[in-house]
Amino acid sequence: MEKGRLTQRDGFKTLVASLISIVIGLLAGAVVILIVGLINPSISLAGAIEGIKIVLFGVFSTGRNASGALSFGFNPVNMGNLFFRATPLILTGLSVAIANKTGLFNIGAPGQYLAGTCASLFLALSIPSSKMAPGLIWLIALLGGMIAGALWGSIPGMLKALLNMNEVIACIMTNWIAANLVTWIFDMSDLKNTAEGTKTGYIYKTSYNGVQTPKFGLDKIFRGSQINGGIIVAAILCVVMYIVIEKTTFGYELKACGANRHAAKYAGIHDKRDIILSMAIAGAMAGAAGSLYYLSGNTEFFWSTYQSLPSEGFTGIAVALLAVNNPVGTIFAGMFMSMLNISGMQLTYLTAYNEYITDVIIAVIVYLSAFSLIIRMLISGRKKIERSKVTGEPIVPAAAAAAPAPTADAAPAAQPAAGSPAKDKED
Amino acid sequence: MAFLIRQTLIYAIPLMIVALAGIFSERSGTVNLALEGIMIFGAFSGVVFVRIMQGAGWFAAAKADDNWMKLQGYLMLAMLVAAALGSIFSLLLAFAAINLKADQTIGGTALNMLAPALVLFLVRLMSKQNTLLLLSGDSASWFLIKKSMLGFGKNQDIGMLGEAFLNKVYLTTYVCIIIFVILSVLMYRTRFGLRLRACGENPQAAASLGINVIKMRYAGVLISGALAGMGGFVFAVTTANCSANGDVAGFGFLALAVMIFGNWKPLNVAGGALLFGLFKCIAAAYSTLDINGDGIYTLANIGISSNVYRLLPYLITLLVLMFTSKKSRAPKAEGIPYDKGMR
C-alpha cells in the first residue's frame, strides 16, 4: 500500500466509514427514542434524554443514585457481561467475515451456530464426568461443536462450488433445516431439563455435568458477571484466522477466489476446493460461537427453536460488515455490538424504553453497510468511482438469489484479483 | 377432510401471496430477501389499525347491530393499511437497491433485522409485554365466517366441500386468491407486466426501447412490499389470533422457498404454496389435536414426527434447486443494480 497522507489511506477510510455507520446508527436510535418520548404522554422529555444517555453510555451505568438521577461509573458486572456476550458475536462475525473474503455471503451463520450448539451440548452432557476429566470433555465438546458447524457450513459451500447454486438461498434453506433438525434431535433426547419442573423447555446447563469454561480469574476482576475464558478463545481464533487469511498462501488463494473465481482457476487455484473450505472454516467459527456460549455453564438452551433462528447469527453479519471483514476487527466490532446489548438491558431496567431499540440501531448499521461504498466515496470527496472498484468490493457477491448465478455474466470482467495493485493504486 | 382443506388453506394463502410478492420484486430485477421483515411490519401495522378501530368503538357497534358484513369491511380496511405500510417499508429496500445501487442481499437482511426490532420496541412500549393483542375478543370472534351467517342452518349438512370452503373460513383467503389471480394476469397479459419482466431480464435492452427501468423496478418492489405486508397481516389474523409479536415464524423465508420451488411462475407457486401449506398443516395438527380431524389421526398413527413435516419444505426446495439448477428460470438480471452505461 502506498504510504500517502493518513487521510488518504484505504484503511483509514474504511475505519471512518465504519465509524460514520455507527454514528448514524446511534443517531437513528436517538431520534426514535426522542420521537417516541414526545408522542408517548407517559414519557417526559427528560425521560427521553435519559434513554439516549443510557444507549450511549449504558455499560458505565451504575443505576440510579439516592436522588433518582442516573449515575455512571465503572460497573464490573456490565463490563464482564459485555465480554461474555461479545464471545458469540465476535465468532459469528468472524464466520461471516471469512466467507466474505472468499466472496460468499454467509447468511447461514445461524444454522451453523445451532449445529455447533447441538453437538457441543450433546457431547458435554452425555460423556459422564465421572469417567473423564471435565476439562477434557470441555475440549471435546468445543471441537465437536466446531466440526459440526464446519460440516453444516460445507453443505452450502459444496452446493455453491459443485452445482453453482446461489449460496444465499442454500444458506437460508440450511438454516431452517438446522432449526427444525435441532428441535427434533433434542425432542428425542433425554437432555431436557426435567430436574427443575418449569424448565423442560430448556436443555440442562453444561455445569450439571461439571463441564464449564474455565474463568482464568477473570471473574475476580469483573465480580458478579458471567465472564469466562471464552472471550480469550474467541480472540485467539480471530488472530489465528487473521494470520491464515493475510499471511499464508492458502489465505491468498481464498481471497483470490473471492475476487474472481475464474481468474483464480486460471491461475491454477482449486476454486471448488477453496470455496468449500472457506465455508467449512466459516461454519467452524459459527459453531464455536454456539459452543462457547452454551459451554459457559451458566446459559440454558431453549431447544424448541424451529420457529426462530438465533439472533447471534444475524448480528454476526452486522459485526462482519462493521469490521469490513477484518478478522481482528471483528473483536472490536463484536464488543461494540455486545456493548449495545448491555446498554439495551440497562435501558429496560432503568427507563420506560426497552432493549429492542439497540437491535434497531444494529439494523440501521447493517442497512448503511449495504451502501458503505457511497459513504466512502463521500469521504474522499470523489464524485465518480470506477466500475471495477464498485464490483471489486469483497462484501458484494453478485447476489442473484437462487439457482445458477451466472457468475461470468454477472460479475464484470474488470474485477481485480485480490492483492493485485489495482486496488491500492486507487489513491 | 374438510378440516384438513381448511387448515391447509390457512397456511397456504399467506405463503402464496407472499411468494407472489417475491415474484414481483425479483422479476423486476430486485432480490427481495426482506419478505420476512415486510411481513412482520405489515402484520404489526394491521393489528395496530384494528386496535385503533376497536378503540373508536366501531367493532362493538357492528357486533351490536349483528352486522358481520361491516366487520368484514373493517378487516378489508386493515388489510389495505397493512399493504400500504408494507409498501412504505419496502421503500427502504427500493431506495437502497435502485437509487444507491447497494448490495441487495445485505439491504434485505437489514430490513429483516430492522422490522422485528422496531416492532418489538413499539409493541413493548404499547402493551408492556412482547405481544400486542387485540383490545377485546379474538380473531375468530370478530372475523370468522360461519355457515349460519351465509344463510345455512346451524346443523344443515352442506357437504364436505361446503364445510371446507364456506364454514369457519376467513374472507381474507378469498380476497387473497382473487388478488393473486388478478396480479398474475397483470404480469403475463398486460403491457405493464411485460415491461416489468423485461426489466428483470435485460434492463439495458428494455431501456433502449424507452422503458423507464428505475420506475419499473420501483413498481416491482412496491407491489412486492404491499403484497408481503398484506400477507403478514393475513398470517396474523388467521394463525396468530390477530396479534403482533415481531415474528411470523419464518413464513417469509418459507415463501422465498415457495417462490424458488415454483420457478418464479405464479401457477407453480400456487401449487408449491398448497403443498408446503399441507406440510405445515400436518405438522401443526399434531399439537392442536382438533376433534374434527378425520384423516388426521391416521397420519399421526404412522408415527412420523411433526418435525419432519416442518423440515420437509426447506429440504425439498434445496433438492429441487440441486436437480433443476440448469433449467431454472430465475430472472437473469436480478440482484444486479441497473447501470445505464453497462451494455
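Which residues does B:Leu15 touch, not counting residues up to four places away in sequence?

Mentor: This is a predicted model, in which local features need pLDDT of at least 70 and side-chain atom pairs count only at pLDDT 80 or more, while totals for chains, interfaces and linings use all residues. Residues are numbered from 1 along each chain as its sequence is written, and chains are lettered from A and ligands numbered from 1 in the order in which they are written.

B:Leu15 touches B:Phe251, B:Leu254, B:Ala255, B:Val258, B:Ala273, B:Phe276 and B:Gly277, leaving aside residues up to four places away in sequence. Two residues are in contact if their C-beta atoms, placed from the backbone, lie within 7 Å.

B:Leu15 and B:Met16 touch the most other members of the largest nonpolar core, which has 239 residues. Such a core is a set of buried Ala, Val, Leu, Ile, Met, Phe, Trp, Tyr and Cys residues joined through C-beta atoms within 7 Å. A residue is buried if 20 or more other C-beta atoms lie within 10 Å of its own, exposed if 12 or fewer, and partly exposed in between. With 17 residues, helix H1 (residues 2-27) of chain B gives the most to this core; helices (H or I, at least four residues) are DSSP runs, numbered from the N terminus. Apart from this core lies another, of 8 residues, including B:Cys199, B:Val213, B:Met216 and B:Tyr338.

The loop between helix H11 (213-239) and H12 of chain B holds B:Cys242, and B:Ala249 lies in the loop between H11 and H12 of chain B. Most residues other than glycine have a negative phi. Phi of B:Cys242, however, is near 55°, a positive value, and B:Ala249 has a positive phi of about 55°. B:Cys242 counts as buried because it has 26 C-beta neighbours inside 10 Å, whereas B:Ala249 is partly exposed, with 18 other C-beta atoms within 10 Å.

There is also the contact with chain A: 45 residues of chain B are in contact with 49 residues of chain A. Helix H5 (104-127), helix H12 (251-261) and helix H15 (306-324) of chain B each supply at least two residues of the side that touches chain A. H5(B) gives the most to that side, with 14 residues.
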